[in-house]
Amino acid sequence: MRRVLTAATTALTLTTAGTMLAGTPGQAAPTGWGRPVVSAAPQPGAPGLGDSYFPDYGNGGYDVEHYDVRLRYEPATDLLTGTTTILATATGDLSTFNLDFLLDVESVRVNGWAASTSTAGAHELVVTPARTVTRGQQLTIVVRYSGVPSETLVNGYTGWTRTDDGALAVNEPESAWWWFPSNDHPLDKATYDISVSVPTGVEVISNGVQPRPPLAEAGNRTRWIWRTTSPTATYLAFMAIGQYDIVTDTTPSGQPVINAYSTSLGALGPAARASIERTAEIVDWESGIFGPYPFEAQGGVAGPVDGISFALETQTRPVYGPGFWRRGANTYVVTHELAHQWFGDSVSVADWRNIWLNEGFASYAEWLWSEEQGEGTAQEVFDFTYASYPADDEFWQVLPGDPGAARVFDNAVYDRGAMTLHQLRLAVGDDAFFEILPTWTAERRYGNGTIEQFQALAERISGLDLDDLFTTWLFTAGRPDVASAARKAAPPAEPRSWAKIRESHHLMSH
């Protein structure tokens, strides 16, 4: 969960279903009847992928395979300098293309040739290569840059969190703009090499694994190197820089587990450890429900007391704000963020309207964990959640299946989203329900999905017409009628898990 730049984004290109963005895949050259085919003239890559909520996020005209992000960071001044190398394939004949980026650019080279640049919109870097790019061409794009991310603002906001001892590059749905140029939309996933030079004694944590130990550099500096070999959406790449205690282990299968704890946590540290150190256990339990764990490493990062106020499912290693530990250990937020490794990370939204596929599923994982821990069955949590929102509460006016750009992380997406899945479970039965979940993650592993595609899968497996259920719970304002605790004479009892779930959702959705 995180901050949404609804006021800052500029809808540079808005498309409707079936409309092709300039320079995007699938664009055909014009043909003539009985005449030779004439190639279309190169044209600019689109400055957005046409997302229904954030139409200028991402860019058309190319597909990224890999980011090599090489940085130097100065905690004392928040100065970030870097060179990012992007390996991509052109999906059209391009005269120009865009990158999503905000820092000051020193130079850009495309396949070794110097390119010219300009800026447009809220976060668009427009690149004009010295030579026309042709469809199918392999591109090596090298961007050199620098800046102070915490002072680089879009409508008064920065997605970069500066702390007393370093920084956090953690946010959703936009984060990359402040530290590396990218094609910033979940539709374009890539692998990553991230290396960061910092003063010796400062730690850097990122995604995936460390292919080699930190390297000593001249000037009393150390370079930290991280690699993720699984396709990763740009907002799920992260950095945590500062003073951290790093704890490493392996799972019984030999997979690395890397956890990190800010040394600033003080009295909150034991609760953070008592929660995050259960990561491998929770991943193993979730794997029995959602299918095989999709990535090469596990772990978590307990951020500093002056860091973020939310938690985010950064791939392979979620980052947690300190508020989750203020009342002791909290495995519910860990369960939530780890469930996102399947729902949101491996299978990502095709459009940000489909956010229910992330947050509703991760929230329902908490209900299943409550049942597993003997702290309230999923039905008991449903009954209490449902009863806790009066029929006239504004909560019921938000549509989890289409909450709007300003309410992508509204509490209804979490709680009503989880209620929707419980109603699906009741409608299709446990056998079908617990077949639907791992089938979804298997069929769309490392890809993207929509609510409509999930409904189609649920109908295929269950053999039922589920249109009324999905329409009522996801796309209709008002409190749906249910024949459970809401009609009992006495209100439902509060499950023991409720306080932790409620507290976690409050921090996640605000």
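How many bridges join strand β1 to strand β2, and do they run parallel or antiparallel? I looked this up first in the model, which is a predicted one. I found that 12 bridges join β1, residues 62-74, to β2, residues 79-90. The two strands run antiparallel. For one pair I noted the residues: Val69 has Thr84 in β2 as its bridge partner.

**Entry on the sheet of 10 strands**

I then traced the sheet to which these strands belong. The sheet is open, and its 10 strands follow the order β3-β6-β5-β4-β7-β2-β1-β10-β13-β12. I recorded the pairing as mixed. At the edges I found β3 (97-100) and β12 (215-217). Each has a single partner strand, so one side of each is left without a neighbour in the sheet. From one strand to the next, the twist averages 25°.

**Entry on the sheet of 5 strands**

I also listed an open sheet of 5 strands, with the order β15-β16-β17-β19-β18 and mixed pairing. Its edges are β15 (244-250) and β18 (311-312). Because each of these has a single partner strand, one side of each lacks a neighbour in the sheet. I looked up how β18 is joined to β19, residues 319-320: there are 2 bridges, and the strands run antiparallel. Ala311 stands opposite Tyr320 in β19.

**Entry on helix α4**

Next I turned to α4, which covers residues 356-372 and has 17 residues. From its first C-alpha to its last I read 23 Å, close to the 24 Å expected at 1.5 Å a residue. Is this helix mostly covered or mostly uncovered? I found α4 mostly covered, with 15 of its 17 residues buried. Gly374 follows α4 and has a positive phi, near 70°.

I then examined α4 together with α5, residues 378-388. Their axes come within 8 Å and cross at roughly 125°. The two helices are therefore oblique to each other. On the α4 side, Tyr364, Trp367, Ser370 and Glu371 make the contact; they meet Ala378, Val381, Phe382 and Thr385 in α5.

**Entry on helices α7 and α8**

Finally I looked up α7 (residues 430-443) and α8 (residues 451-462), whose axes come within 10 Å and cross at roughly 130°. That angle makes α7 oblique to α8. I noted the crossing of α7 past α8 as right-handed. Among the residues of α7 that meet α8 are Ile436 and Trp440. Those they meet in α8 include Phe454, Leu457 and Ile461.

Technical notes. Residues numbered from 1 in each chain as written. Predicted model: local features only at pLDDT ≥ 70, side-chain atom pairs only at ≥ 80, totals over all residues. Heavy atoms only, no water. Pairing = 2+ DSSP bridges. Helix = DSSP H or I, 4+ residues; strand = E, 2+ residues; numbered from the N terminus. Axes fitted to C-alpha atoms, helices over the stretch in contact; angles between N-to-C directions. Expected span 1.5 Å × (residues − 1). Buried < 20%, exposed > 50% of the residue type's maximum accessible area, 1.4 Å probe, protein only. Parallel < 35°, antiparallel > 145°, perpendicular 65-115°, else oblique. Left-handed = near helix turned anticlockwise from the far one by under 90°. Contact = heavy atoms within 4.5 Å.
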